[in-house]
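Thanks for coming. I will go through a few local features of one model, so please have the sequence and the structure open.

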Amino acid sequence: MNNSEKVDMLFVYWECEKNSRQAARAYVERYPNREHPSHSYFHKLERNLRNTGSFSNTRVIANQQPRQVNALGEDIELQVLAYVRANPRVSTRHVGFEIGISHNAVHKILKKHKFHPYRPDLVQHLRQGDAERRIMFISWLVTQLEDNPIILNYILWTDESKFTNNGGTNVWCGLIGGKLLGPYFYDGTLNGRRYLEFLINELPIMLDDIPLATRNNLILQQDGAPAHNAIVVKNYLNEHFENRWIGTNGIIKWPPRSPDLTPLYYFLWGHLKTVVYANPPTNLIDLKQKIIVACNQLTEGQISSATNKEFLRRTEACLNYNGEQFEQFIR
């Protein structure tokens, strides 16, 4: 197994909130033609990286002076790539500070590997049948728009994201009718039981400030995260959002691996992380406070533009490219 594959393993591990068994399953699904180590290997990789600064057990000398990128060594380059993948909107200065090299060296490493500061190109590759499901969802949406031109104002777009910097936290947010719900912070892995408790106890409180007409017509959208597909969650949604919820196994089918159609992914998370990491948080409390402030600064116009104009632009582009990936053509 080469070091590039080890970086991919770490990325999957962090995506799965450091649940090694879940990461092992996700890695097999994403890279079926690669070697598939045991679930414990994911934890071992991160432990070695944190303890020694390397994927091996050999410790990197502490407090070393910054060096030219061509003299840094492969392990340092991989540390930079792994850190940026885990924190896509972090600054090059902060990466350099955390790893112990100059920000210029970080920039050169990113350039060498065709990454761009603040905007690394991380794409979920579509699989067989995904393009068709994307077109089917957009076809459903077009039909609904003909009957109700303001239906987009009734869709509650939801997602979760991890923020890390001198401590980490998981964040849930929702976007609907020009308003942001959240942020709601939670620690650890989001499983079906915890997500159900959130839907029952927290979401109704957040919806109190949403106009009654919107609540009565609300359509809940979620992606294909494992917690979203738990049986208890689907049963609850079928009862409380009858014929009005979107998910990979929902009444309305959400296409898998489609963050490019999700307003929180293409708009909210990138915006928040750019603001939050512009002045890196000093601890977990500071991190959460910066997230709250960044959320409060968003305007109704920004949110409405992302969930209406930009979303429709993306669905049109998706159709134009037959359901395949399209972001590289619209930026």
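When I say that two residues touch, I mean heavy atoms within 4.5 Å. One caveat before I start: this is a predicted model.

With that cut-off, let me begin at Lys-290. Leaving out residues up to four places away in sequence, Lys-290 touches Val-276, Asn-279, Pro-280 and Pro-281. Take Asn-279 from that set: Lys-290 and Asn-279 are 11 residues apart in sequence, and their C-alpha atoms are 9.3 Å apart in space. Lys-290 itself belongs to helix 13, residues 284-296.

Next, helix 7. This helix runs over residues 130-147, which is 18 residues. From first C-alpha to last it reaches 26 Å, close to the 26 Å expected at 1.5 Å a residue. Which residues of helix 7 are buried? They are Asp-130, Ala-131, Arg-134, Phe-137, Ile-138 and Leu-141. Looking down the axis of helix 7, these buried residues fall within an arc of 125 degrees, so they line one face of the helix. On the face of helix 7 turned away from the buried side, we find the exposed residues Met-136, Glu-146 and Asp-147. As for the cover over the buried residues of helix 7, it includes strand 5 (245-247), strand 6 (252-253) and helix 14 (300-320).

Helix 14 also brings us to another pairing. The axes of helix 12, residues 263-278, and helix 14 come within 9 Å and cross at roughly 140 degrees. That angle makes helix 12 oblique to helix 14, since only angles over 145 count as roughly antiparallel. The crossing of the two helices is right-handed.

Last, Gln-221, which sits in strand 4, residues 219-221. Gln-221 is buried, with a relative accessible area of 0%. What is Gln-221 in contact with, leaving aside its neighbours within four places in sequence? The residues are Ile-155, Leu-156, Trp-157, Thr-158, Ile-246 and Trp-254.

That is what I have for today.

Technical notes: Residues are numbered from 1 along each chain as its sequence is written. This is a predicted model: local features need pLDDT of at least 70, side-chain atom pairs count only at pLDDT 80 or more; totals for chains, interfaces and linings use all residues. Side-chain values use heavy atoms; hydrogens and water are left out. Helices (H or I, at least four residues) and strands (E, at least two) are DSSP runs, numbered from the N terminus. The expected span of a helix is 1.5 Å times one less than its number of residues. Buried means under 20% relative accessible area, exposed over 50%, partly exposed in between (1.4 Å probe, protein chains only). The arc is that of the directions from the helix axis to the C-beta atoms. Axes are lines fitted to C-alpha atoms, for helices over the stretch in contact, and angles run from 0 to 180 degrees between N-to-C directions. Angles under 35 degrees count as roughly parallel, over 145 as roughly antiparallel, 65 to 115 as roughly perpendicular and the rest as oblique. A crossing is left-handed if the near helix is turned anticlockwise from the far one by less than a right angle, and right-handed if clockwise.
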